[in-house]
Amino acid sequence: MKLYGYWRSTAAYRVRIALHLKNIPFESISVHLVKNGGEQHSRDYSELNPNHLVPTLVDGDFSLNQSLAIIDYLDQVHVEHALYPKELQSRAKVKALALDIACEVHPLNNLRVQQYLAKSLQVSDQAKQAWVEHWMTIGFKAVEQKLSLSAGQFCFADTVTVADICLVAQVYNAHRFNVEMIAYPLINQVVDNCNKLPAFIKALPENQPDAQ
Ligand SMILES: N[C@@H](CCC(=O)N[C@@H](CS)C(=O)NCC(=O)O)C(=O)O
C-alpha cells in the first residue's frame, strides 16, 4: 500500500495512525504542501486526487481519497483491531464524534482556507489566528461535553476508535497553532492516553521521513 501524504497534514496523520494500529505495512510518499506552490497542485498528483488534497491511499490499482473513507476501507479489509464498535448505536456515536472533528473543525482551518483568508481577503495574521482559535474552540467545547458522557481511557470507553484518531490529530494541530487547551481536561487525558501507544507514536508528524 502507498500513502500519499505530508508529515504535518492532519488528515494524513489520521490514516497513518489507522495503518499502524492495524499493523499494515505501507510506503509513505510525500506531497509537500508548500514547496513549489504546493505539490498537491502538480499535474500528476491532481490526476490521482482531483481535490488537490492529501491523503490518497493507493492499494494496487485502487486509489481512494478522504481520510475517513480510507480508514473505513482499511477497517473492512483488515478486520483485526476494529476501529468502530460493533453495536449499531455505539458505532453511530463514534462516527458522529469523528465527523464533529473532521467536518466541523478541520476544514475551516485547512491550509487553502488560510491562504485564501490571507491572500484573497487580505486578512491579517492576528485575525487569521482568531479565526483558527474560534473554530477550534467551538469544536473542542462540543467534543469535551460529549466525552463527559462517553469517555473512559479513550473517547468511547476503553477501546481506541476512529474518534480517538481524529481527536489526536486535531489536538496536535491545535498545539501547532497555539490554541489554549486548558479548558478541555477530558480531551487532554484521552490524547495523552493515545499518545502512549506505539501506533500513535509511530504516526506522529515529527516521526515521518519528510518532517523538517
Ligand atoms: N476531508 C479531507 C481533508 C483533506 C485535507 O484537507 N488535507 C489537507 C492537509 S490536512 C491538504 O491537503 N491541504 C492542502 C491545501 O489546503 O492546499 C480528508 O479527510 O482527507
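# Exercises on a predicted model

Glutamine 170 is buried, with a relative accessible area of 1% (buried means under 20% relative accessible area, exposed over 50%, partly exposed in between, with a 1.4 Å probe and protein chains only). The model is predicted: local features need pLDDT of at least 70, side-chain atom pairs count only at pLDDT 80 or more, and totals for chains, interfaces and linings use all residues. Residues are numbered from 1 along each chain as its sequence is written, and side-chain values use heavy atoms, with hydrogens and water left out.

## Exercise 1

## Exercise 2

Describe the span of helix α7, its burial and its packing.

Solution. Step one: α7 covers residues 162-176, and its 15 residues reach 22 Å from the first C-alpha to the last, close to the 21 Å expected at 1.5 Å a residue (the expected span is 1.5 Å times one less than the number of residues). Step two: 12 of the 15 residues are buried, so the helix is mostly covered. Among the buried residues are Asp164, Cys166, Gln170 and Asn173. Step three: the buried residues of α7 pack against α1 (10-21), α3 (67-77), α4 (88-102), α6 (125-150), α8 (185-194) and α9 (198-203). Step four: asparagine 178 follows α7 and has a positive phi, near 55 degrees.

## Exercise 3

Characterise the interface between domain 1 and domain 2.

Solution. Step one: the protein chain is divided into domain 1 (2-81) and domain 2 (88-199), with bounds from an automatic or database domain assignment. Their C-alpha centres lie 20 Å apart. Step two: 17 residues of domain 1 are in contact with 20 residues of domain 2. Step three: the two domains bury about 1,600 Å² between them, 67% of it on carbon and sulfur atoms (buried area is the accessible area, 1.4 Å probe, that two parts lose on being put together, summed over both). Step four: on the side of domain 1 that touches domain 2, the elements giving two or more residues are α1 and α3. The largest share of that side, 8 residues, comes from α1. Step five: the count of salt bridges between domain 1 and domain 2 is 0 (a side-chain nitrogen of Lys or Arg within 4 Å of a carboxyl oxygen of Asp or Glu).

## Exercise 4

Solution. Asparagine 23 is not a glycine, yet its phi is positive, about 55 degrees. This residue is exposed, with a relative accessible area of 56%. Glutamine 122 has a positive phi of about 55 degrees although it is not a glycine, and it is exposed at a relative accessible area of 63%. Proline 55 is found in the loop between α2 (43-48) and β3 (56-59).

Technical notes. Helix = DSSP H or I, 4+ residues; strand = E, 2+ residues; numbered from the N terminus. Contact = heavy atoms within 4.5 Å.
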